[in-house]
Amino acid sequence: MKKKLLFSIAIIAIFSAFTPANNPTQDIIENWKIDEGSINAVTRSIISYTQKANPDLAEQMEEQIDGVKQMVRSLIINYKADNTYEIQTPQGPQTGKWHFENNNNYLVATRDGKPNRKDSVLEISATRLKLINGERGDTTLYIHP
């Protein structure tokens, strides 16, 4: 009985040594979309953020909220291995560069003509990416399309 127990423990220890570690720089490489459970909060946050700079546009967005939600649903972000990204939007692609900072606690997006955006990484795996948006302050869950 003791031999079986020791053998089982040894097998578990050997196989756990080969469990792949989470590697954020590899896990992020892929297409991502906003999870359906985050659509309403992200839409509201975008409208609120727009209100500060352009109240008239925010009012139009509010009047067309279903269309804004559909636009949010259609966004696809492709993080690439060369540390560039591309966001597919209804207005056309937006590109920039990305990198992690502070031991993968922050995802920094460098964008042409705009200040860098620093999002807090709450979770990253091969299937889920959860961020706190550095500009708007909302939390968004991304999944693979």
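# Close-up legends

**View 1. Arg136 is partly exposed, at 24% relative accessibility.** Here buried means under 20% relative accessible area, exposed over 50%, and partly exposed in between (1.4 Å probe, protein chains only). The model is predicted: local features need pLDDT of at least 70, side-chain atom pairs count only at pLDDT 80 or more, and totals for chains, interfaces and linings use all residues. Residues are numbered from 1 along each chain as its sequence is written, and side-chain values use heavy atoms, leaving out hydrogens and water. Arg136 forms a salt bridge with Asp138; their closest N and O atoms are 3.1 Å apart. A salt bridge needs a side-chain nitrogen of Lys or Arg within 4 Å of a carboxyl oxygen of Asp or Glu. Asp138 is buried, at 9% relative accessibility.

**View 2. Thr140 lies in strand β8.** Strands (E, at least two residues) and helices (H or I, at least four) are DSSP runs, numbered from the N terminus. Thr140 is buried, with 2% relative accessibility. Its side chain makes a polar contact with the side chain of Asp138, at 3.4 Å. A polar contact is a pair of N or O atoms within 3.5 Å; within protein, one must be able to donate a hydrogen and the other to accept it, and residues adjacent in sequence count only if both atoms are side-chain atoms. Beyond its neighbours within four places in sequence, Thr140 is in contact with Ile34, Ser38, Val42, Leu129, Lys130 and Leu131. Contact means heavy atoms within 4.5 Å. Asp35 is 105 residues away along the chain, yet its C-alpha atom is 7.8 Å from that of Thr140.

**View 3. Tyr79 belongs to the largest nonpolar core.** The core has 26 residues, and Ile28, Tyr79, Leu107 and Leu129 touch the most other members. Helix α3 (residues 39–53) gives the most to this core, with 4 residues. A nonpolar core is a set of buried Ala, Val, Leu, Ile, Met, Phe, Trp, Tyr and Cys residues joined through side-chain atoms within 4.5 Å. Leaving out neighbours within four places in sequence, the contacts of Tyr79 include Ile28, Leu107 and Leu129. Tyr79 is also in contact with Ile29, Glu30, Trp32, Thr84, Tyr85 and Trp98. In soluble globular proteins, nonpolar side chains tend to be buried together.

View 4. β5 (residues 106–111) pairs with β6 (residues 117–124) in the antiparallel sense over 4 bridges. Two strands pair if DSSP finds at least two bridges between them. Leu107 has Asp119 in β6 as its bridge partner. Glu123 stands opposite Lys130 in β7.

View 5. The structure holds 7 salt bridges. In one of them, the side chains of Arg44 and Glu62 meet at 2.5 Å, N to O. Arg111 is buried at 14% relative accessibility, whereas Glu135 is partly exposed at 31%.

**View 6. Helix α5 (residues 65–74) has Ile65, Val68 and Val72 as its buried residues.** They lie on the same side of α5, because they cover an arc of only 55° around the axis. The arc is that of the directions from the helix axis to the C-beta atoms. An α-helix has 3.6 residues a turn, so residues three or four places apart point the same way. The cover over the buried residues of α5 includes β1 (30–34), α3 and α4.

**View 7. Asn83 has a positive phi, about 65°, without being a glycine.** Asn83 sits in the loop between β2 (76–79) and β3 (84–88). It is partly exposed, with a relative accessible area of 31%. Asn103, also not a glycine, has a positive phi of about 55°. Asn103 lies in the loop between β4 (94–101) and β5. Asn103 is exposed, at 70% relative accessibility. Most residues other than glycine have a negative phi.
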